[in-house]
Amino acid sequence: MELFFQQIVSGISIGAVYSLLAVGYALVYSVYNFTNWAFDAFMAFGAFMAFYAISLFFMPFWAAALISIVLTIVLSVGSERLAYRPLRLRKAPRLFMMISAMGANLMIVNLLNLIFGGSFRRFPVDAAKPFFIGNVSIGRMDLLAGAISFAILALLWWFLYRTKPGLGVRASSIDIMTASLMGVNNDAVAFIIFAVTGALSSVAGVFYGIKYAVFPYMGLVTIKAMIASIVGGLGSLPGAVVGSLILGVLETLVAGYISSTYRDLFSFLFLVIILLFFPNGLMGKSGDEKL
Amino acid sequence: MGYINAIIILGGINVIAALGVAILTGYTGLFSIGHAGFMALGGYMCAIMVMEFNVPFAIALLIGGTFAGLCSFIIGYPAFRSRLRGDYFAIATLGFSEAIRLVLNNTYEVVGGAFGYMGMSTLTTLPVILIAVALALYFAHMFVTSQYGKNCIAVSQDEVAAQMMGVNLLRTKLIALFISAFYAGVAGGLLGFYMAYLSPSFFSITRSSDLLAAVVFGGIQSLIGPFITAFVLIAVPELLRFFAEWRLVVYGLLFVVVMLFRPQGLLGYVEMNFAFARRWWSKLTAKKDASAKGGAA
């Protein structure tokens with residue numbers, strides 16, 4: 001029974017990290033109608049920056065995380081300026097945006113691979129000391145990752161639903177043209193969205209790096225965030241969070257009780273099953289393309 | 001000579017797989033970043049057919065391709081039925097190919113796990129590859145100019161409009177996916193019997209990116225463009241070894257640059273045809289006729 005609770009807590013904490021990524025995808029998608037494929041590269045970039053800030057410059061953890069967030073925001077906003085904005089202004093088809101984003105992803109991930117090498121690095125943070133509630137031991141980093149992720153999600157919710165710039169972002173997600181006619185600054189919205197998603201990916205990268213390892217292809221885990229957002233319901237932010245938590249818990253249970261090798265296979269099977277029986281996800285209204 | 005041979009054979013294999021991606025991505029507008037998975041399925045199936053059941057190579061290739069095509073329905077049917085957005089279909093293909101690689105890496109019984117499937121002979125020779133590429137190009141051309149191909153183009157342009165004109169979206173997409181996976185499967189079989197062994201590491205995400213790169217650079221709605229670039233993308237890193245490492249970084253940069261400055265790719269919307277040859281031939285014969293007439297007069 002203790003083991004079961006440990007698995008649940010660990011699952012929720014990894015689910016919370018997935019939800020940061022899933023929300024990031026959903027945010028970009030809801031406004032610009034394309035998936036930011038470079039997102040997984042940002043995640044790996046953020047993890048690498050934090051890793052080197054600690055291991056080369058001996059910074060404390062929070063300072064390293066802050067530096068990683070700032071640098072990832074610069075990368076995210078920069079990539080929007082260079083790779084997406086010209087296409088957006090030209091009203092290019094979505095296919096082109098997708099290819100451009102994939103290009104950014106390929107370039108950044110492989111640059112990381114060439115510059116830093118492809119080896120797996122252990123994050124230099126003492127995550128081993130567990131924390132006891134009764135007989136249930138909980139990794140301190142699991143707890144920290146879960147708590148901070150939920151705090152960030154709450155902050156994001158507050159920003160989107162309780163502030164004026166957040167209102168601008170939500171208006172743009174309904175109709176970007178009309179919103180700009182009503183005086184919403186499109187460029188400011190783009191800046192906000194890419195800055196926010198950059199920060200989210202960096203935090204997710206750092207926590208994922210602590211839990212597993214830091215390596216250039218670590219961004220592949222964003223497949224899980226995608227699966228989670230499909231499971232939860234397309235394009236819905238709460239759906240993305242719920243889907244991520246379900247996936248995280250399911251995955252840790254599979255790894256704990258069935259097979260850790262085939263964990264990823266189970267997440268994929270889960271996606272196929274959900275699509276067969278709930279084509280619109282658990283909380284989504286309709287998966288149809290927007291007209 | 002052997003070196004040139006190797007480049008032509010590997011290039012030809014890449015061309016066949018890229019033609020499959022061209023049908024799916026270029027013509028139907030569906031993105032796949034997991035075609036390496038279909039290559040793996042076809043390759044292993046073909047190898048098992050030849051090695052364990054003594055099926056002739058050509059038939060085994062077709063079986064491998066068909067197997068890959070049928071497996072593609074595992075993701076194709078749920079993804080297209082629920083009308084997933086193109087981006088999510090791409091993720092599904094990536095997940096599928098990673099899942100296949102995971103299973104192959106951990107199944108030691110028949111396929112040899114991470115060590116790979118060994119003991120195969122080299123059956124893919126230069127004539128085989130030339131015939132295979134010619135057939136692949138011919139059938140791809142027949143497909144994209146057929147009614148099915150036109151349906152695919154309609155779907156890629158505007159799904160809703162295509163549906164209103166009576167195009168069955170699910171069926172069209174599934175057909176395109178089947179053919180595309182079939183091509184990848186055949187390419188996988190050819191690859192296995194050229195290298196004389198198969199390993200899960202052949203079919204990593206890098207290979208999928210290579211195939212996608214060939215189609216993006218070659219141009220959408222074109223067969224001849226991806227045909228050329230798929231070959232060039234194999235030949236260039238082979239000839240310029242120092243470039244091999246930086247290849248993917250440069251591809252990534254080129255993706256962005258191509259989209260910004262020449263989004264249709266090298267030969268986008270340019271269809272391969274032999275009209276120029278026919279024109280040239282008719283001009284030639286016309287001249288002869290004219291001179292013959294002139295001589296008579």
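I began with burial in chain A: buried residues make up 50% of its 291 residues. I call a residue buried if 20 or more other C-beta atoms, placed from the backbone, lie within 10 Å of its own.

I noted the conventions next. This is a predicted model, where local features need pLDDT of at least 70, side-chain atom pairs count only at pLDDT 80 or more, and totals for chains, interfaces and linings use all residues. Residues are numbered from 1 along each chain as its sequence is written, and chains are lettered from A and ligands numbered from 1 in the order in which they are written.

I looked up the fold of chain A. I found 11 helices and two strands, taken as DSSP runs numbered from the N terminus (helices H or I, at least four residues; strands E, at least two). The order along the sequence is α-α-α-α-β-β-α-α-α-α-α-α-α.

I checked dimensions. The C-alpha atoms of chain A fill a box of roughly 60 × 50 × 35 Å along the principal axes. The radius of gyration of chain A is 19 Å, which agrees with the value near 19 Å for a compact globule of 291 residues. That radius is taken over C-alpha atoms, and the globule rule is 2.2 Å times the number of residues to the power 0.38.

I turned to contacts (C-beta atoms, placed from the backbone, within 7 Å). Among those in chain A between residues at least 6 apart in sequence, 74% join residues at least 24 apart.

Last, I looked at chain B. The contact takes 38 residues from chain A and 37 residues from chain B. On the chain A side, helix 4 (94-116) is one of the helices supplying at least two residues. Helix 4 of chain A gives the most, with 14 residues.

Technical notes. Contact = placed C-beta atoms within 7 Å. Buried ≥ 20, exposed ≤ 12 C-beta atoms within 10 Å, placed from the backbone.
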